[in-house]
Amino acid sequence: MRVEGEVSKFQNIKRGVRQGCVLSPDLFSLYSEIIMRNLEGHPGIKIGGSNINNLRYADDTVLIAENEKDLQQLLDIVKEESEKKGLELNRKKTEVMVVSRKQELPTINIYIKGTRLKQKDQFKYLGSLISSDGRNNSEVASRIAQAKTNFQKMKTVLTNKNISIRTRRRALECYIEPILMYGCEAWTISKQTQKKLEATEMWFLRRMLRISWTAKKTNDTVLEEAHTTRLLISKIRKRQATFFGHVMRREKLENLVTTGMLEGKRSRGKQREKLIEGLADWLKAGKSLEAIEATKDRKK
């Protein structure tokens, strides 16, 4: 330690870093990188010929595998390597989920030191709701609910007729729509989802204009009174197109996940629409490959 230019003898620090210490994020990144390197070569999920067994963002870590045995092996490695570095997995904060198209969700038994981890059918990851069915219906419903709740908190401003509808629409765009559209770049918008989003857009406008639900006014009349048109779906698609272009030009993991093929047999029945297919249709690009090709021209 150095105090007023005088340096002490070397000391052993036994308490680790304090909250707010500038060394903390660097040390965490260093340790987590060394720990996770031990997972290289172990089975995960193969997409486009590449093996992916973990995803990391800051201190949020997800381990991915095709079956129970492989996932338990990945967890055991992380647990053992963490303990070697003086770190311990928090059993209460560690959860497991199976992503499946089956009506009845398969049960999975994953353990840390003899304690079975909780199996969830959905969980929040980086602010978005991930569901076991692999769809984004729950996430969209959650976003709509949050946006409506925040609309009610700003009700005195958004429904105030002394403020012009243009200013109130601008306030809606600045404070409510970002809550609704958070993470929309990864949404697959089905016809049902589009109807829900369009209904939410009209819900906002009707309340801003103080139009009672008993008043028999068509949506076209409401849009005319608000001096606007339907914009929400267009805004979402534009954000998706911008992000899609960024992902395609960057040619990293996101690109691989979006364009790569999963190994194995296709499930029976009609296949789900992919994000890239819905986007290509909206962009009138015809096929997915045309949409990918178009991303080379940033302005386009």
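Start by selecting helix H8, which gives the second largest pocket the largest share of its lining, 6 residues. This is a predicted model, in which local features need pLDDT of at least 70 and side-chain atom pairs pLDDT 80 or more, while totals for chains, interfaces and linings use all residues. Residues are numbered from 1 along each chain as its sequence is written, and side-chain values use heavy atoms, leaving out hydrogens and water.

Stay with the pocket: 16 residues line it, and Ala-241, Leu-283, Ala-294, Arg-298 and Lys-300 lie nearest its centre. Helix H8 (232-250) and helix H11 (288-294) are the elements that give two or more residues to this lining. Helices here are DSSP runs of H or I, at least four residues, numbered from the N terminus. Colour the lining by type and you will find 6 nonpolar, 3 polar and 7 charged residues.

Show side chains for the contact (heavy atoms within 4.5 Å): Gln-194, Leu-197, Glu-198 and Glu-201 of H6 meet Leu-232, Ile-233 and Ile-236 of H8.

Last stop: Glu-68, in helix H2 (residues 68-84). Glu-68 is partly exposed, with a relative accessible area of 35% (the class between buried, under 20%, and exposed, over 50%, with a 1.4 Å probe and protein chains only). Select Thr-107, Ile-108, Asn-109 and Ile-110 to see what Glu-68 touches, not counting residues up to four places away in sequence.

Conventions. On a 1 Å grid over the protein atoms alone, a cavity is a set of points where a 1.4 Å probe fits but cannot get out, and a pocket is an open set with protein on both sides within 12 Å along at least five of seven lines; lining residues have an atom within 4 Å of a point. Ala, Val, Leu, Ile, Met, Phe, Trp, Tyr, Cys and Pro count as nonpolar, Asp, Glu, Lys and Arg as charged, and the others, Gly among them, as polar.
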